[in-house]
Amino acid sequence: MNKAYIFVLGGTSTITLSIFIFILMPRIQVHNINKEMISAQAPYTENELKGRHVYVENGCLYCHSQQVRDPVAGADQHFGWGRPSLPSDYIYDQPHLLGTMRTGPDLSNIGSRQPSRDWQHLHLYNPRSLVEWSIMPGFSFYYEVVSASEKPKENAIQIPGKEGQWIIPKDEAENLVSCLMSLKRDREPVKASEVK
Amino acid sequence: MMASMDAKVVFLILTFSISVLGMVAFVVALIQKQVLVPPSAAKSIFDQSEMGRAELDSIEVGRNQWRMLDQSARTPILFFIVSSVIWLAIGSIFGLLVSFKFHAPEFLGTQSLLTFGKLRPLHLNIITYGWLSPAALGVAMWLVPRLTKVPLQNVKTLFAAGIIWNIGVTLGCIGIFVGLTDGLEWLEFWWPFDILLAVAGAMIAIPLFRTIYLSKEKHLYVTMWYIICALIWFPVLFVIANCHFLHSGVEQAIANWWFAHNVLGLWVTPLGLGIIYYLLPKIIGHPIASYQLSLFGFWGLALFYSQVGMHHLLGGPIPTWMANLSIVMSVGMAIPVITVAINHHVSTYKHFHVLKDSVVLRFIVFGAMSYTVSSLQGSLHSLRSFNYVTHFTHWTVAHAHLGLYGFTSMVLFGGIYFALPRLLGRNFKYPWLLNLHFWLAATGIIIYAVGLGIGGWLQGQELRNVNGSFEQSVRLTMPYLYIRSIGGTLMLLSHFLMLYNVLSILRPQTSEVAK
């Protein structure tokens, strides 16, 4: 037998302490905050949740954060991304999409910042047709392109600068845009007691 | 309601008491001088004839006193190493594609399967679970018998674990392709596939612990400390972090980054450091500069590194005390990092000439230097003033690659190149290809880390500029994104070379067949 037990003991206690701090404490502390507040974020509808999955599946979170920092930390508010985030803004988020990169802009309040569904669709179809300097990938595979002299379908959108060319969003694109539209975290959260 | 609250309180008290009891027991053990080590322990990795003699990359046939131990578990070790090198090649192809997509967003963009947001998590998960973990485990399995003087136990279980692990990684990747993902960074593999990884992990840890239990050594060498704790830490982290039902919202973000930073700090870092602690003195033929100092390095890492994760969420909606704690711990990491650095670099400095003759030592020393640089970088940008610039930028990506590539991967390249000839009893046919691998990889990662680091820093300055625009932050990073692709290409080329090197040594050479 040897001294291995010292390392088993020491290793186990450091990891247990770390679990205590970062897994159990937030569970208790942040959970209580959530109960006091109603979020600025409304609960997601069925379509918004489906759209949220499209967001996750296509890895939007690797370039877009959904957390706004205090003005001390950065020019977040200057860019129009809304007020600093609160824990209650995320109570319906599973999985969380806070993100860690800003290769693209923050999306905390994209629903109020860019409320046009048509703009969102055209931008998702081909980002560079609207934002010349963008390095975002296009999601053309979520759109059908149709040539027609008149609007071929209720939700068809004409491609700007291309007469008679339309894009028709598939379900994934519609849901994704619904999910983006639901992000309006520039509103103030409401206390639960003040709702009824 | 009340019942669940009570359960939580009981849990809290329980974990807190266990950790405090553990610490008390540890301090008692320290007082009883159970842990203070005799200086002679540093020499336990040498046979009498090996002291003072540099051990170079190639082996002399018929003069290897370690062969019996080395070959006690040859099959699973080779399986782990070879599969990891194949994953490395695949994972870095994805990495390079992702890099291209930053400056050529239309590139391969019409296919849903090849969109940026799928290739990026594939790159990260393949490198973490396909390359780093099995490669480090493979080298650790080769080290454990050498350090305990006991042949590896349950060899068949280990081999089966390797197969299950690889099935898990493969399924996890297919899942990401088709949209089955948990959606948390570093934890993308869909949770049912994670069960395979957890089972395989247990099947690896148990035989290793059995071997350690049977150890014939009175004192465990420093490498073993790191291996033992890594084998405890990672399974705990992985299982808890994959219980996604436990958390949502901000709490989940906290758990997410608790895991993501601990994978680095409590899994790949200890394994990487353990390998350096063995190979560096072994190759130069002299014990490590200060064996007592390595004790500080180890326990400092165990205490500080497990609590640094929240520096990934500074400025975000997390409790302030938690952010502050992580900042303090991140800065505290400077203590173990500097002690380890003194130990490694002083040992190297005294025997610098060996670098001329040993390519493996070049990999190891490069890795040790990267560890120092990337860790001090980490302490620095956990400070708020620094973090406000670097957060959300490419700087973090450059830093991550310096740690996981410059440090861990380089050490593993060295470890694999040192272990293979000793496992197989034959040498590499073209040793100059190992050297070429080193220079390609080293040049690649330097271009990558420096280039992208500068780009990220400028990007961060622009994201703080209230008179600037977001557009400017994208435009000015473009040249640096091209530079990253150049560095990445060199790294990918070096991985193909490695794949060739590893596969070619597996084949018996013609002269051996003739015998």
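Residues are numbered from 1 along each chain as its sequence is written, while chains are lettered from A and ligands numbered from 1 in the order in which they are written. Because the model is predicted, local features need pLDDT of at least 70 and side-chain atom pairs count only at pLDDT 80 or more, whereas totals for chains, interfaces and linings use all residues. The model scores ipTM 0.93 and pTM 0.93.

Helices (H or I, at least four residues) and strands (E, at least two) are DSSP runs, numbered from the N terminus. Chain A has an open sheet of 3 strands in the order 2-4-3, with antiparallel pairing, where two strands pair if DSSP finds at least two bridges between them. Strand 2 (143–147) and strand 3 (157–158) of chain A each have a single partner strand, so one side of each is left without a neighbour in the sheet. Strand 2 of chain A pairs with strand 4 (residues 165–169) of chain A over 5 bridges, and A:Val146 has A:Trp166 of strand 4 as its bridge partner.

**Where the chains touch**

The contact (C-beta atoms, placed from the backbone, within 7 Å) takes 65 residues from chain A and 81 residues from chain B. Helix 1 (4–36) and helix 2 (46–57) of chain A are the elements that give two or more residues to the side of chain A that touches chain B, and the largest share, 26 residues, comes from helix 1 of chain A.

Axes are lines fitted to C-alpha atoms, for helices over the stretch in contact, and angles run from 0 to 180 degrees between N-to-C directions.

| Helices of chain B | Angle | Axes |
|---|---|---|
| Helix 8 (residues 249–284) and helix 11 (residues 334–350) | roughly 20° | within 10 Å |
| Helix 6 (residues 191–213) and helix 7 (residues 222–241) | about 155° | 11 Å apart |

Angles under 35 degrees count as roughly parallel, over 145 as roughly antiparallel, 65 to 115 as roughly perpendicular and the rest as oblique. Helix 6 and helix 7 of chain B are therefore roughly antiparallel to each other. Among the residues that make their contact are B:Ala198 and B:Gly201 of helix 6 of chain B and B:Met224 and B:Ile228 of helix 7 of chain B.

Notes:
Two residues are in contact if their C-beta atoms, placed from the backbone, lie within 7 Å.
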